[in-house]
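Have a look at the sequence and the model first, then read on.

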Amino acid sequence: ISRTGAVLGHASAADSDFHSVDVSQDDTLIIRVDLPASGPFAFVNDLQPLIELYGTDGTPVTSATGGVLTHVATVTGSYSVGVLAQNETEGEYLLSVAAAPKGDMNLDGRVDTADVDGFALGLANAAQYEAIYGVHPALNGDMDGDGDLDFDDIDDFVERITSSPPASDLNADRRVNGLDVAPFVDALING
């Protein structure tokens, strides 16, 4: 699954799904499971999902019962996301993943001027930001690493959105690392 992608799936007691996503160190990984057909006059979907996150070495990192799971990546690499059925339930799900670098306040996978409104909202009204985006604004807005989003983060945020990424940052995560190799090879082969 891509850094800001989604996939439809089906999980049951006999069939769990696992997906991998490449992230960079310090990215906020936001994983969400939504259930289609949960309203009236829709087909029955009784899935009670459990989301499990596994680190680059395959060890369990964290889990959440349905809804949203967030985690700040401690290392760069491929993490695995498992969607499992709890309590002998089964059904369809939509798994959405966003690997958001620090400063990506609109959760589109990039840090740019489109993040200014989200940053301002998170600074002014954390509860409203969380209601809109589903995560606390400090996850991506805490630019100085002190655990909160406050006025001390403004200068670092402005520097981040106004600085140009290096030309060799081919996956647009504002870092030059191993995750740029695949896009480089792709561009080399496909022109």
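Which side chain meets that of Arg110 in a salt bridge at 3.5 Å, N to O? The partner is Asp112. Please keep in mind that this is a predicted model. In total, the structure holds three salt bridges, and the points below take you through them.

**The pairing around Arg110**
- Arg110 and Asp112 are joined through their side chains, with an N to O distance of 3.5 Å.
- The side chain of Arg110 also meets that of Asp108 in a salt bridge, here at 3.1 Å from N to O.
- Through shared partners, these salt bridges link Asp108, Arg110 and Asp112 into one network.

**How accessible the network residues are**
- Arg110 is partly exposed, and its relative accessible area is 43%.

**The pairing of Arg32 and Asp34**
- Arg32 forms a salt bridge with Asp34, and their closest N and O atoms lie 3.1 Å apart.
- This separation is within the 4 Å cut-off, which is why the pair qualifies as a salt bridge.
- Arg32 is partly exposed at a relative accessible area of 37%.

How values were computed. Residues are numbered from 1 along each chain as its sequence is written. This is a predicted model: local features need pLDDT of at least 70, side-chain atom pairs count only at pLDDT 80 or more; totals for chains, interfaces and linings use all residues. Side-chain values use heavy atoms; hydrogens and water are left out. Buried means under 20% relative accessible area, exposed over 50%, partly exposed in between (1.4 Å probe, protein chains only).
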